[in-house]
Amino acid sequence: MALCLTQVFNKDRTFRPRKRFEPGTQRFELYKKAQASLKSGLDLKTVVQLPPGENINDWIAVHVVDFFNRINLIYGTMSEFCTKRSCPIMSGGLRYEYRWQDEHKYKKPTKVSAPLYMNLLMDWIETLINNEDIFPTRTGIPFPKNFQDVSTKILTRLFRVFVHVYIHHFDGIISVGAEAHVNTCYKHFYYFITEFSLVDHRELEPLREMTERICP
Ligand SMILES: [Zn+2]
């Protein structure tokens, strides 16, 4: 499975290197802790809970970065199926359409193709998580006041990647043998955002039926 993802990815020139946590930092230790509990066989609902004594913002920061890496990789495996022609609009079926807005070129919400939306999204997240003023990595540097708002926005937009991929590219997921992998990542993500009420429930609507099925 992991091999399969890597193989598909090597062909993809838009591959981005993963954001890593610096060894020796507190964030790295917390990341290792989260990874260890993931592998321990605990259910995902329990795994997402804040460990006693840990800071909520540190916990959120670790997860935002980890989900960014994993969802970025999942979309990378789908990118051969998701083109300007197949997906001229970033959507989740016929009922949901997402427009892109940022502080640069797209000051008003703008209709863009799904691959362009994904590219803008991943660039936007990468810039944020590498900004020391928003995601401080050094011990003792406080998180900014808007840290949870920024994280909420990142997670809300990352959820849309699942919406698009599940609704428009489920055949692609099956054809690369990634269904179990994507489902596990989705469940982990879903339990995390709901544990801390980080994403508005209206955003979750497009995948509600599936979520009820796979996230009891
Ligand atoms: Zn697509």
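Helices (H or I, at least four residues) and strands (E, at least two) are DSSP runs, numbered from the N terminus. Start with the cartoon view: the protein chain has 10 helices and four strands. The radius of gyration, taken over C-alpha atoms, is 17 Å, close to the 17 Å from the globule rule (2.2 Å times the number of residues to the power 0.38) for 216 residues, so the chain is as compact as a globular protein of that length.

Two notes before you click. This is a predicted model: local features need pLDDT of at least 70, side-chain atom pairs count only at pLDDT 80 or more, and totals for chains, interfaces and linings use all residues. Residues are numbered from 1 along each chain as its sequence is written.

Next, select C82, C87, H164 and H169, which an unreviewed UniProt entry annotates as "binding site" (such annotations may be inferred rather than shown by experiment; positions use the numbering here, and feature names are shortened). They are spread over 88 residues of sequence, yet cluster in space, with a largest C-alpha distance of 10.1 Å.

Zoom in on C82, in the loop between helix 4 (56–78) and strand 1 (91–92). Is C82 buried or exposed? It's buried, with 21 C-beta neighbours inside 10 Å. (Buried means 20 or more other C-beta atoms within 10 Å, exposed 12 or fewer, partly exposed in between; C-beta atoms are placed from the backbone.) Leaving aside neighbours within four places in sequence, the contacts of C82 (C-beta atoms within 7 Å) include C87 and H169.

Hop over to H169, in the loop between helix 6 (147–168) and helix 7 (170–175). H169 is buried too, with 24 other C-beta atoms within 10 Å.

Notes
Two residues are in contact if their C-beta atoms, placed from the backbone, lie within 7 Å.
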